[in-house]
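Here is a short report on aromatic ring pairs and helix packing. The sequence and structure come first.

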Amino acid sequence: MFAFPAEAGKFRQVKSDGDQSEYVSSNGERFAVRTTKLPSDSKAYEALSLAAAELRSKEAVAIETTPGTAGFSNNNQVAFFKGLYFVTVTPLKAAPGSTNLTALAQVVADGLDKGDGDIPVLIKHLPNPDEAQKNAVYFNSFSTLTSIAPQQPVLTAVQGDGNADAALATIGSSKVLIVEFNTPQLATDNDQRITARIHELWKLGQPAPTAYRRVGNYSVFVFDAPDAQTANQLIDQVKYEQVVSWLGDNPNPLRDAEERYIDTTLGVLVTVLKASGYALIACFGVGGVLGAVLFSYRRSQQKALTAYSDAGGMMRLNLDELTADKDR
């Protein structure tokens, strides 16, 4: 069993049985901590979102960013995920609304490795993601989605084959479902089946999505929207960000080296131009200040001295013998 650090003197572990432990607080309150280790961070977040969805059928529950990487809480439990772990903390003997429940959950979270330290990217691609995250349900590496919305027959056409993820969120009165296929071929095959299935449902007069569109490797559905315009506006907010990576060695090392060389050269050139510009501005600035100071100093010296003048008909000495002698 993973040994969780506890605040000094506040919580004490009194029992440990597999993935479940029991803690006692300094004031005698008892809590159960259940820790489930999953294969990936995505699976741990899936477990959190499914637990929140199950509880949401009874009361309003929102997934927040604490404790752990993300979690939710009420008076009866605190649940969160962090790294590979999905954790629930429940009171066994505690006063209603006890702050020790959340305090213990934070202590447990602090003792876990953070893993990737973030929620799945697909959740962030939902429309209005900050609000959508609070009620989103995430499915990692699914095969089928028929169980999440049995009243939507179009989902029978979606086949993930364990190589796709999905996120379902309620936004206003509408429900938005994004299915991410991990290969373009799988996305294309599903798009063709989904489109054919939607046309079939229209002909049969059965329920169909208010709007559907393929966005990159995403298949985006909008259900129960008030009108098609609203549904399409929600789909417009979904942005597919393609990431390409080589599973082995890059087959184009020279091209990559050329791109790195160009980027480095451009970076150096821009840096030199910036430095030259800053130096020129500094020179002009310093020169202007020194020139102004020197000019003011010389002016003050000139004002302090009495200037000599030979005006006024004063006698002129014929020192250079250029002036003719006169008999006065």
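## Ring pairs

Rings of Phe, Tyr and Trp (its six-membered ring) pair if their centres lie within 6.5 Å; planes under 30 degrees apart count as stacked, over 60 as edge-to-face and the rest as tilted. Ring pairs join Tyr-45, Phe-81 and Tyr-138 in a cluster.

This is a predicted model: local features need pLDDT of at least 70, side-chain atom pairs count only at pLDDT 80 or more, and totals for chains, interfaces and linings use all residues. Residues are numbered from 1 along each chain as its sequence is written, and side-chain values use heavy atoms, with hydrogens and water left out.

## Two of the pairs

The whole structure holds five aromatic pairs. One of them is edge-to-face, because the rings of Tyr-45 and Phe-81 have centres 5.4 Å apart and planes at 80°. Tyr-45 sits in helix H1 (residues 41–56) and Phe-81 in strand S5, so the pair ties together parts 36 residues apart in sequence. Helices (H or I, at least four residues) and strands (E, at least two) are DSSP runs, numbered from the N terminus.

Phe-221 and Phe-223 form a stacked pair, at 5.9 Å centre to centre with 5° between the planes.

## Burial of the rings

Buried means under 20% relative accessible area, exposed over 50%, partly exposed in between (1.4 Å probe, protein chains only). Tyr-45 is buried at 0%, and Phe-81 is buried at 1%. Phe-221 is buried at 0%. Phe-223 is buried at 4%.

## Helix H2

Helix H2 (residues 100–110) is mostly covered, with eight of its eleven residues buried. Among them are Leu-101, Leu-104, Val-107 and Val-108. The buried residues of H2 pack against strands S1 (11–17), S2 (20–25), S3 (30–37), S5 (78–82) and S6 (85–93); contact means heavy atoms within 4.5 Å.
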